[in-house]
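Subject: Structure for your files

Hello,

Here is the structure I said I would pass on. My notes on it follow below.

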Amino acid sequence: MIEQLLDPAYYAYSLFSVPTFLLAVALLFLGTFVWVREGGTRVSFSFFIMALAAGIWLFAFSGMYAATDKKVALLWAKGAYLGVPFIPSAVYFFAVTVLRITERRKIIVWIVSFLSLVFSFFALATDLLISDLHYYPWGYYPKYGALGLPFLAFFFGTMALSLYEFSAEFKKTGPGTHKLRVKSFMVGFGVASLGSIDYFAKYGVPIYPFGYLPIFVFFVIAVQTIRRYRLVDITPAFVADQIIATMADSLIVCDAEGKIRLVNPTACSILGYSRTELLGKPMASFLAAARAHRFGEALQGTVIRDEEAELHAKGGRRVDVSISVSHLRDRDHRAQGVVIIGRDIRERKRIEEELNFLAKFPAENPNPVLRISKEGMILYANRVAHSLLKLWDWKSGEPSPYFFRTEVSKVYRAGVNRELEVTVGSAIWSLMFNPVPEAGYVNVYGTEITERKRAEERLKHMVHYDALTNLPNRLLLTDRLNQALSRSRRHHQFVVVLFLDLDRFKMINDTLGHHYGDFLLKGVADRLVACVRSVDTVSRLGGDEFVVILDDISDTEMIPRMTQKILDAFSKPFNVHSVELFMTPSIGVSIYPNDGESAEELLKNADAAMYRAKEQGKNNCRFYSSEMHLNVMERLELETSLHHALERNEFVLYYQPVIDLREGRVVGMEALVRWEKPHSGMISPGKFIPLTEETGLIIPIAEWVLRTACAQNRSWQEAGLPPVKIAVNLSGRQFQQKDLLETITRTLEETGLSPDFLELELTESILMQKGDATIATLRGLNAMGVRISIDDFGTGYSSLSYLKRFPIDKLKIDQSFVSSVMADYNDAVIAKTVVTMAHGLGLKAIAEGVETAEQLAFLHSVGCDEAQGYFFSRPLPAEEAMKLLTEKFHC
Ligand SMILES: Nc1nc2c(ncn2[C@@H]2O[C@H](COP(=O)(O)O[C@H]3[C@@H](O)[C@H](n4cnc5c(=O)[nH]c(N)nc54)O[C@@H]3COP(=O)(O)O)[C@@H](O)[C@H]2O)c(=O)[nH]1
């Protein structure tokens, strides 16, 4: 069939086919041309579709007219329906596109397109639409079958619909290009409708189908319209439509009565209502009361420009808008209505509120905030800054105070932040200058730091000063000493370091309590400060140690005068809580550059000299000499060896007999420790016991002494010797042990010695420390049967009332009194008083350090119960002491 279709033998020249063919070509060209020229817009595309559909129809009909064979003609007739059914749908699509209502007519477009497809299908695939061909003088022509009428209804119905769209648009469109264009198309359609003449021939009426001519005219009109008005003109109306539809602001047009006549999509979305919900409603109902009144004024002719208003949106929402109202007037200037343009300012308001809120920060800041131009003019000062500036005598409107001008200029030039501290009245401020070069000013932020500074000062003071005496502490002392040394190096002068340690201060502290001790230290500090010049430094290192730096000394001869002055300052008693206390210092002196170059060396050497002063009788002053250095070394060496002495079994106990003065026999032995230091001989406890107390080594050593003494006494008893008490010295450090009672109990148990044969000697100072705990321990010992004796009695500060409270058995008169009973009346009185007091309290009295028969006779005469001393025997090793146990002494 295709071969026949293409075979010229089945055709003959037909004058009737020529115009249809030429018109088909023209339409296809025209459609393509418009499409391309309009840049492929939707309207030009719809025009092309329309031209294509008509072009197919005419092209196929030209073939049909020229065909000599019926079958070939039928093929062309049916082929024409690849285009004909699409003509009405293409026309409708073109109409709604030109009228820009495609979106709204989308469904109709789809329906007519679908029907076009259906009819095309029936025409091509069945005989229901084209059942046969007529033969007319101009050639073959389609004959409609059963679907002919429905197709005609569809065809004309769709065309009528298109025409209706144009006429509706024409009616509602105001004068202008668009109206003219619509009018042109309407005329074109009117002409094109004459093309329906062709359908007569389809039903056998032999009227020549010149329908292509009106169609041609339609296209000519269309092209003319396009040429003159373009398919979519940029006419004010069109542009206005576009703008209204797409503008970000809401647009509401109201008539003269204030009823809404037009709204754009933005207005709908702001108000939350659809277009139909809004149209016809009074605008005032969407405005807050105050604005509704203003809107009334606008309707009366008031022009409104950018006034803030609140719109009542759907669901009770309030929308902040900025409103402008302009007027619509007719040619005679009669008010027709108003155009309201509203801009959603919710975001702007939010930002404004945020900015206002932020702007309050500097204003309400409790600290000063200033902005100063680089020329020094104050651009901004908050309230606090104003009051601060007034203190600088600054008046508003004047250039900033001189201080600010100079600082701002400096900071601005440097371009980096700078923090300054300034004092205004009694307050200290920290001012942070923050340059902003790009803006030409400097921001100044102030903070009051008075408290912080004071706290810092307090802290600095605490770091550098002794809390009790308020004297410089070791840290500041070292600093001052270093400064003094550098000065003296430059000026070739001397620096003198005096190291002071109070004699027997510990005893006062222990016996009278820290409260007294502290008070005394303050008194000492005052006296030392009073002795020196203001350039000198008096410092407390801690405890009872003081250091005085004498600076700027050109003559060393003044040093002895100075030390004497200090010693003299201690000659008067210190009044401590109404108690008169005598206190003496031991002073060590080192001198720069003779005794050391550095602060450390000078302090160490002055300390060594002070030790020597102490050793040599206290209340004394010693200048440093190089041999003292050896003493210090010796002390260090002793300390190291002591650590190993116990494990190396280097300690040994000596025993000194205690004689009952009435019976003349030995009633006790005092155990006294000795240290047999290899290569150094026997070392006296007076030398190493204080060291062991300092280092804590006293605890294991004391335990060893107690165990050895108890064991020794037990072995004497087991050897059948007369039973005696063994006296063991207790150190203060031991008494601080919580388990002292358990240790003694355990030792007695382990050695098998009955507590009745143990006597513990403790000094007054031990007795007075930690009163209640001491009483408990003593009572525990007493309950066991252990005897307690107060050693060195008379040298301390015992409260006599305490003696009553403690379970004491014996008072031991210190040997310093015993040694001078014959020479010093006072000591004799003291010795006698101690004996009387002991007896008065129901205690025994014992005298130690008895060396002569006169001393013994005196003690006898005052009723002293017991005695010990070189007169009877020196302390002896165990075997020798044992021999004395059976000896009788003549008292
Ligand atoms: N905590 C401990 N202290 C102890 C212990 N052993 C001794 N000590 C104390 O050491 C100090 C010095 O003791 P020491 O060198 O043994 O001197 C004692 C006697 O030798 C000495 N003495 C005795 N009689 C005389 C004398 O007639 N003349 C004289 N010049 N000295 C004499 O006196 C010391 C005894 O003192 P005291 O204890 O007060 O009875 C000394 O304080 C010891 O206490 C120990 O194991 N633990």
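Of the 21 residues around the ligand, those that come nearest are Val673, Pro685, Asn729, Gly869 and Tyr870 (near: the C-beta atom, placed from the backbone, lies within 6 Å of the molecule or strand). This is a predicted model: local features need pLDDT of at least 70, side-chain atom pairs count only at pLDDT 80 or more, and totals for chains, interfaces and linings use all residues. Residues are numbered from 1 along each chain as its sequence is written.

At least two residues of the shell come from each of strand E21 (665–677), helix H25 (685–695) and strand E25 (787–793). Helices (H or I, at least four residues) and strands (E, at least two) are DSSP runs, numbered from the N terminus. By type, the shell holds 8 nonpolar, 8 polar and 5 charged residues (nonpolar: Ala, Val, Leu, Ile, Met, Phe, Trp, Tyr, Cys and Pro; charged: Asp, Glu, Lys and Arg; polar: the others, Gly among them).

There is also an open sheet of 5 strands with mixed pairing, in the order E14-E15-E13-E18-E19; two strands pair if DSSP finds at least two bridges between them. Strand E14 (537–542) and strand E19 (620–623) are the edge strands, each pairing on one side only. From one strand to the next, the twist averages 20° (axes are lines fitted to C-alpha atoms, for helices over the stretch in contact, and angles run from 0 to 180 degrees between N-to-C directions). Strand E18 (residues 585–592) pairs with E19 in the parallel sense over 4 bridges, and Val589 stands opposite Phe623 in E19.

Regards
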